[in-house]
Amino acid sequence: MHCALYDANRCRSCQWLEKPYSQQLSEKQAQLAQLLAAQPVSEWLPPVTSVPQAFRNKAKMVVSGSVERPLFGMVQRDGSAVDLTDCPLYPDSFAPVFAQLKPFIARAGLTPYNIERRRGELKFLLLTESTQGGMMLRFVLRSTQKLEQLRAALPWLQQQLPQLRVISVNIQPVHMAILEGDEEIMLTTEQALAENFNHVPLWIRPQSFFQTNPQVASALYATARDWVRALPVSSMWDLFCGVGGFGLHCATPEMSLTGIEISAEAIACASRSAEMLGLTDVRFAALDSTQFATSRSDIPQLVLVNPPRRGIGEALCDYLSRMAPDYILYSSCNAQTMAQDIARLPDYAVTRVQLFDMFPHTAHFEVLTLLTRR
């Protein structure tokens, strides 16, 4: 993949861009094997690859410049701004949206936030695209001061960009590099963006997490489904479930499924999908996954965990060791913490491992591991 910004040393987010893609995969696979070297692995499956460019479904843009000439991208440590609208990781469908947003910012009087002066209103633009063609746009503002002006100008933007199905404002008043605040104000009737992976309906709400590489995420969910349906299980917990992608793929009418996620936004999405699929023996709840699990006396046959980068941690590992479900399916975006967690589960054998290259041109990757009680 060629990137003019990388060549000009303006953006180095893709640290591995100069490495051939085959070398990137080999190094990631070697790193994963090294992390699991202390654990005998019964079966290594080949890595699932990504297309090298235009794979991202989300853009997170710092807004700088002036209200008449806004710039979308990032701000370097020296305060200089870098325009990322031509980033080759974004699909071609993003360019016309960025082009229309620039005059809209002037129409709405959304002065870009100036970090040094601590003045201005518009901090970030967050754009997400569904494989179904719709888009979600979020304006991150410092306050509600310009909210009514934005509302008044919005019909023009919707006329220019009918693909914007969900539009919202997030209020982030803190002078820190924090992407979003707690308050979300919806500007459209539709409040969730429709997505569909492998004929499973999914929903993306403004503050719910969703994978940024839909092609590889779809393969990850389908693989989890195939592995689970080959097991003799009829009850399952999906911890750190997000919008329910894993659990909803794995569930059948005969399976009892409980999905736990601390984000109420994500749980609303998961519950909506379960209803659309006609699944009745399903429960999704907005709770802390570790607190939920460790407070229960019952245990399912399978526990699926998809934690944040910190892993599931010692408390949940100890609980799983005591309660001893037949299988643990571990999806991780941080193989180092996953390996640490597996070491805390000595009663489980590593049955199967597969790497999913969700983040080409970087050292990061996703991995799916099946653990079986000895």
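Cys14 is buried in this predicted model, because its relative accessible area of 11% falls under 20%. Its place is in the loop between helices H1 and H2. Leaving aside neighbours within four places in sequence, Cys14 is in contact with Met1, Tyr6, Leu89, His361 and Thr362.

Cys11 lies in the loop between helix H1 (4-7) and helix H2 (21-35). Apart from neighbours within four places in sequence, the contacts of Cys11 are Leu5, Tyr6, Met74 and Leu84.

An unreviewed UniProt entry lists Cys3, Cys11, Cys14 and Cys87 under "binding site". These residues are spread over 85 residues of sequence, yet they cluster in space, with a largest C-alpha distance of 10.7 Å.

| Residue | Relative accessible area | State |
|---|---|---|
| Cys11 | 14% | buried |
| Cys14 | 11% | buried |
| Met176 | 56% | exposed |

Met176 is found in the loop between strand S6 (164-171) and strand S7 (183-186). Together with Val174 and Ile178, Met176 forms a nonpolar patch on the surface, with about 250 Å² of accessible area together.

The feature "active site" is placed by UniProt, in an unreviewed entry, at Cys333. This residue, Cys333, lies in the loop between strand S14 (327-332) and helix H10 (335-343). Not counting residues up to four places away in sequence, Cys333 touches Pro307, Pro308, Arg309, Phe365 and Glu366.

Helix H5 (residues 214-229) has 16 residues and spans 22 Å from its first C-alpha to its last, close to the 22 Å expected at 1.5 Å a residue. Its buried residues include Val216, Leu220, Tyr221, Trp227 and Val228.

Key. Residues numbered from 1 in each chain as written. Predicted model: local features only at pLDDT ≥ 70, side-chain atom pairs only at ≥ 80, totals over all residues. Heavy atoms only, no water. UniProt positions renumbered as here; feature names shortened; annotations may be inferred. Helix = DSSP H or I, 4+ residues; strand = E, 2+ residues; numbered from the N terminus. Contact = heavy atoms within 4.5 Å. Patch = residues over 30% accessible without salt bridge, like charges linked within 9 Å, V, L, I, M, F, W, Y side chains within 5 Å. Areas by Shrake-Rupley, 256 points an atom, 1.4 Å probe, with all protein chains shown as cover. Salt bridge = Lys/Arg side-chain N within 4 Å of Asp/Glu carboxyl O. Buried < 20%, exposed > 50% of the residue type's maximum accessible area, 1.4 Å probe, protein only. Expected span 1.5 Å × (residues − 1).
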